[in-house]
Amino acid sequence: MQNNEPLMIALAKLISVNKPNLVLFVGEALVGNEAVDQLKQFNRALRDHYEGGVASETPIDGILLTKFDTIDDKVGAAISMTYTTGQPIVFVGTGQTYNDLKSLNVSSVVTSLLN
């Protein structure tokens, strides 16, 4: 997965100008642990380039994972993302429409890890 530093800097500036109530990291569940690395880089870019100064170590408020319905053994990366940031997975995408954004079913994730 490619990381686009200029895009991350532009996003950090957008956040500092607009001051949103909620900042979500959106990533694909299919990429596994590469998503954890991208999340760390995104957080670092927000911390380093946010003009208003970010007080917290983790400037994101939550995580949205797309293509969650197609993962199998890569579900552990989702747990790593929450552990790394201390932030919850707010939604998972399971299709192409807004109606396909679901709350994470923790018991199904645990079951998938144990099987």
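Student: Before we start, what does contact mean here?
Tutor: Contact means heavy atoms within 4.5 Å. Also keep in mind that this is a predicted model.

Student: How does the span of H2 compare with what it should be?
Tutor: They agree: at 1.5 Å a residue, the 17 residues of H2 should span 24 Å, and the end C-alpha atoms are 25 Å apart.

Student: New topic, the largest nonpolar core. Which residues touch the most other members?
Tutor: Out of 22 residues in that core, it's Phe25, Leu46, Ile60, Ile63, Leu65, Phe68 and Met81. The elements giving two or more residues to this core are H1, helix H2 (33-49), strand E2 (62-66), helix H3 (76-85) and strand E3 (89-93).

Student: Which one gives the most?
Tutor: H2 does, with six residues.

Student: What does leucine 65 touch?
Tutor: Leaving out residues up to four places away in sequence, leucine 65 touches Gly27, Ala29, Ala78, Met81, Ile89, Phe91, Val92 and Gly93.

Student: Now the surface. Which residues form a nonpolar patch there?
Tutor: Leu7, Leu11 and Leu14 form one, with about 250 Å² of accessible area together.

Student: Where is leucine 14 found?
Tutor: In helix H1, which covers residues 5-18.

Student: Why is leucine 14 called partly exposed?
Tutor: Because its relative accessible area is 47%, and partly exposed lies between buried, under 20%, and exposed, over 50%.

Definitions and conventions:
Residues numbered from 1 in each chain as written. Predicted model: local features only at pLDDT ≥ 70, side-chain atom pairs only at ≥ 80, totals over all residues. Heavy atoms only, no water. Patch = residues over 30% accessible without salt bridge, like charges linked within 9 Å, V, L, I, M, F, W, Y side chains within 5 Å. Areas by Shrake-Rupley, 256 points an atom, 1.4 Å probe, with all protein chains shown as cover. Salt bridge = Lys/Arg side-chain N within 4 Å of Asp/Glu carboxyl O. Helix = DSSP H or I, 4+ residues; strand = E, 2+ residues; numbered from the N terminus. Buried < 20%, exposed > 50% of the residue type's maximum accessible area, 1.4 Å probe, protein only. Core = buried A, V, L, I, M, F, W, Y, C linked by side-chain atoms within 4.5 Å. Expected span 1.5 Å × (residues − 1).
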